[in-house]
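User: I have just opened this entry and would like to talk it through. Could you help me find my way around?

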Amino acid sequence: GGGWMRKAKQSGRDYLSITLADPQIGPRKIFANLAPVKGKKGRHVILWNPRD
């Protein structure tokens with residue numbers, strides 16, 4: 001897997017784009033974004049969607 005810093009097109013806020021791959025989680029990769037929660041300093045949320 002790996003991670004890359006990205007900037008949201010609409011808000012201009014930074015977030016981390018993550019790709020996870022491991023034989024123990026199956027043949028598919030997991031693509032996720034780690035983003036700060038608005039108004040909650042130090043809190044983050046993970047948004048993910050499995051892709052085929």
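User: Let me begin with a detail. Which residue in β2 stands opposite M5?

Analyst: The residue opposite M5 is L16 in β2. Please keep in mind that this is a predicted model.

User: And what stands opposite W4 in β2?

Analyst: That place is taken by S17.

User: How do β1 and β2 pair, and over how many bridges?

Analyst: They pair in the antiparallel sense, with six bridges between strand β1 (residues 2–7) and strand β2 (residues 14–20). The hairpin they form has six residues between the strands, and G12 in that hairpin takes a positive phi near 80 degrees.

User: Which way do β2 and β3 run, parallel or antiparallel?

Analyst: They run antiparallel, and five bridges join β2 to strand β3 (residues 30–36).

User: Stepping back, how many helices and strands does the chain have?

Analyst: The chain has zero helices and four strands. Along the sequence the pattern reads β-β-β-β.

User: Is the chain spread out or compact?

Analyst: It is more spread out than a compact globule, because its radius of gyration is 13 Å, well over the 10 Å that the globule rule gives for 52 residues. Taken along the principal axes, the box filled by the C-alpha atoms is roughly 35 × 20 × 15 Å.

User: What share of the residues is buried?

Analyst: Buried residues make up 10% of the 52 residues. The chain exposes about 4700 Å², of which carbon and sulfur atoms supply 54%. As for contacts with a separation of 6 or more, residues 24 or more positions apart account for 4% of them.

User: Let us look at T19. Where does it lie, and is it buried or exposed?

Analyst: T19 lies in strand β2. It counts as buried because its relative accessible area is 12%, under the 20% cut-off.

User: What is T19 in contact with?

Analyst: Leaving aside neighbours within four places in sequence, T19 is in contact with G1, G2, W4, K29, I30 and F31.

User: Changing topic, how many salt bridges are there?

Analyst: The count comes to one salt bridge. The side chains of D14 and K7 meet in it, at 3.1 Å from N to O. Side chains of opposite charge can pair when their charged atoms come close.

User: Are those two residues buried or exposed?

Analyst: D14 is partly exposed, with a relative accessible area of 43%. K7 has a relative accessibility of 54%, so it counts as exposed, the cut-off being over 50%.

User: What does R6 touch?

Analyst: Not counting residues up to four places away in sequence, R6 touches R13, D14, Y15 and S17. R6 has its place in strand β1 and counts as partly exposed, at 41% relative accessibility.

User: How far apart are the C-alpha atoms of R6 and L16?

Analyst: They are separated by 6.0 Å, while the two residues are 10 residues apart along the chain.

User: One last topic, the surface. Which residues make the nonpolar patch?

Analyst: V37, V45 and L47 make a nonpolar surface patch of about 210 Å². Of these residues, L47 has its place in strand β4 (residues 44–50).

Technical notes: Residues are numbered from 1 along each chain as its sequence is written. This is a predicted model: local features need pLDDT of at least 70, side-chain atom pairs count only at pLDDT 80 or more; totals for chains, interfaces and linings use all residues. Side-chain values use heavy atoms; hydrogens and water are left out. Two strands pair if DSSP finds at least two bridges between them. Helices (H or I, at least four residues) and strands (E, at least two) are DSSP runs, numbered from the N terminus. The radius of gyration is taken over C-alpha atoms; the globule rule is 2.2 Å times the number of residues to the power 0.38. Buried means under 20% relative accessible area, exposed over 50%, partly exposed in between (1.4 Å probe, protein chains only). Contact means heavy atoms within 4.5 Å. Accessible areas come from the Shrake-Rupley method with a 1.4 Å probe; for residues, only the protein chains shown count as cover. Patches are made of residues with over 30% relative accessible area and no salt bridge: like charges are joined within 9 Å, nonpolar side chains (Val, Leu, Ile, Met, Phe, Trp, Tyr) within 5 Å. A salt bridge is a side-chain nitrogen of Lys or Arg within 4 Å of a carboxyl oxygen of Asp or Glu.
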